[in-house]
Amino acid sequence: MKFLKKFIKWASITLLTLVLLLYVFDYDYILKGVRVVYLTGHSTAFIDDFTYFENDTIKKGNQTDVWINNTAYNTVSATSTLEESNKKWGTVAYVIIKNDSIWFEKYYGDFNESSKTNSFSMAKSYVSGLLGKAIMDGYIKNLDQPVSDFYPEYSYAKTTVGDLASMASGLDWVESYTSPFSVTARANYDDDLAETILNQKVVKTPGVEFEYLSGSTQLLGMIIEKATGKTLSNYLSKSFWKPLGSSDNALWQLDDKDHRLAKAFCCIGSTAKDFARFGKLYKDFGKWNGQQVLDSSFVAKSIKPRFPESPEYGYGWWLKQHNGKDFFMMRGHLGQYVIVQPEDNIIIVRLGHKKSPDISKKTFTDDISLYIEEGYKMLNMKL
């Protein structure tokens, strides 16, 4: 008993010392990460974590554009391979849209067509789209406008807003999702996101090569807010959520209740079919119901590679060739996808708890190809 009391005493002192050191060296955000992730029984960020963060509402409009059901709606079942994979990787929504109508949809577990889940990095596509809208609205000159026009502290660098959108910023950023000490973890859990971002220096020549960095999109989001005088959630609502007839309000996670800066690099909470609307907008080169919502030339530029050496990325969109077809997609950390094949007029949406293991560090994990291939197999059963 005496030994146990002594052990508890020293364990408590050690724990208290560790907590104090985290505060002293400005790593106290790790405590929030532990509280949000590990103390809720998770091992990483999760798809319905919104209640643990402050959020802004992305408001829908008064008019909803209801997705119509295709004449072949749900007449074909998911393939056995798709069903096995959906179970293994925790899929919560799988939707196929053909010719702008719902061809197949299925939801899993406690999730349904109205369930909001975390977009993770699919949000980057929205932020890139907001850049295009800000240029269209005259708030930002063009893709070549320097970052230093908005943040003079970057006057030493030649980084442009286009460099941020195409992941060629040259920022000193380590894109790590496993280390609690990484700047990516700090950005997700810290209480002053702007301070974290503006501490990142440009250390490489910008505009010459692709390097995927969440900090690039976060800085771009801050610039859009500064240029427009609107929060990202309000500008997204006005620019896209309302014009595209979204069926539900969405959420955008913020850093904290005082600073209220949106996590531009991630974390929009919405439904599968509302996420699909942005894929349709880009498929149709910025038009929705006959209205040019987003400049067609910006859309065309966004879904083509900026750098020939990096054919996998444009401006905020991932690009993939598969079976002789060109796909562009929104893509999130745990296997959140809006996959578009414009010539076939197909959109595939998959949301879920995890993706296939990234064993070989390939650009695209194997689950993406599977969702495409099995979706096409299902379509071909009916054609």
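Contact here means heavy atoms within 4.5 Å. The model is a predicted one, in which local features need pLDDT of at least 70 and side-chain atom pairs count only at pLDDT 80 or more, while totals for chains, interfaces and linings use all residues. Residues are numbered from 1 along each chain as its sequence is written, and side-chain values use heavy atoms, with hydrogens and water left out.

**Helix packing**

Helices (H or I, at least four residues) and strands (E, at least two) are DSSP runs, numbered from the N terminus. Axes are lines fitted to C-alpha atoms, for helices over the stretch in contact, and angles run from 0 to 180 degrees between N-to-C directions. Helix α4 (residues 123-136) packs against helix α8 (residues 214-228) at about 35 degrees, the axes lying 10 Å apart. The crossing of α4 and α8 is left-handed, a term that applies if the near helix is turned anticlockwise from the far one by less than a right angle. On the α4 side the contact is made by Lys124, Val127, Leu130, Leu131 and Ala134, and on the α8 side by Ser214, Thr217, Leu220, Gly221, Ile224 and Thr228. By class, the contact of α4 with α8 has six nonpolar, four polar and one charged residue. In this scheme Ala, Val, Leu, Ile, Met, Phe, Trp, Tyr, Cys and Pro count as nonpolar, Asp, Glu, Lys and Arg as charged, and the others, Gly among them, as polar.

**Sheets**

Two strands pair if DSSP finds at least two bridges between them. An open sheet of six strands runs in the order β3-β2-β12-β11-β10-β9 with antiparallel pairing. From one strand to the next the twist averages 15 degrees. Within this sheet, β10 pairs with β11 (residues 336-341) in the antiparallel sense over five bridges, and arginine 331 has tyrosine 337 in β11 as its bridge partner.

Four strands form another open sheet, β1-β5-β6-β4, also with antiparallel pairing. Here β1 (55-58) and β4 (117-118) are the edge strands. Two bridges link β5 (residues 250-253) to β6 (residues 268-270); tryptophan 252 has isoleucine 268 in β6 as its bridge partner. Helix α9 (residues 232-241) packs on this sheet and touches β1, β5 and β6, with its direction at about 15 degrees to that of β1.

**Pocket and cavities**

On a 1 Å grid over the protein atoms alone, a cavity is a set of points where a 1.4 Å probe fits but cannot get out, and a pocket is an open set with protein on both sides within 12 Å along at least five of seven lines; lining residues have an atom within 4 Å of a point. Grid points are joined across faces, edges and corners, and a volume is the space filled by probe spheres set on the points.

The second largest pocket is lined by 14 residues, with Ile303, Lys304, Leu319, Asp326 and Phe327 nearest its centre. Strands β9 (318-322) and β10 (325-332) each give two or more residues to that lining.

The count of cavities of 30 Å³ or more is five. Residues lining the largest cavity include Met167, Lys204 and Glu209, and those lining the second largest cavity include Tyr107, Phe111 and Leu351.

| Space | Volume | Lining by class |
|---|---|---|
| Second largest pocket | about 310 Å³ | nine nonpolar, one polar, four charged residues |
| Largest cavity | about 50 Å³ | four nonpolar, three polar, three charged residues |
| Second largest cavity | about 50 Å³ | six nonpolar, three polar, no charged residues |
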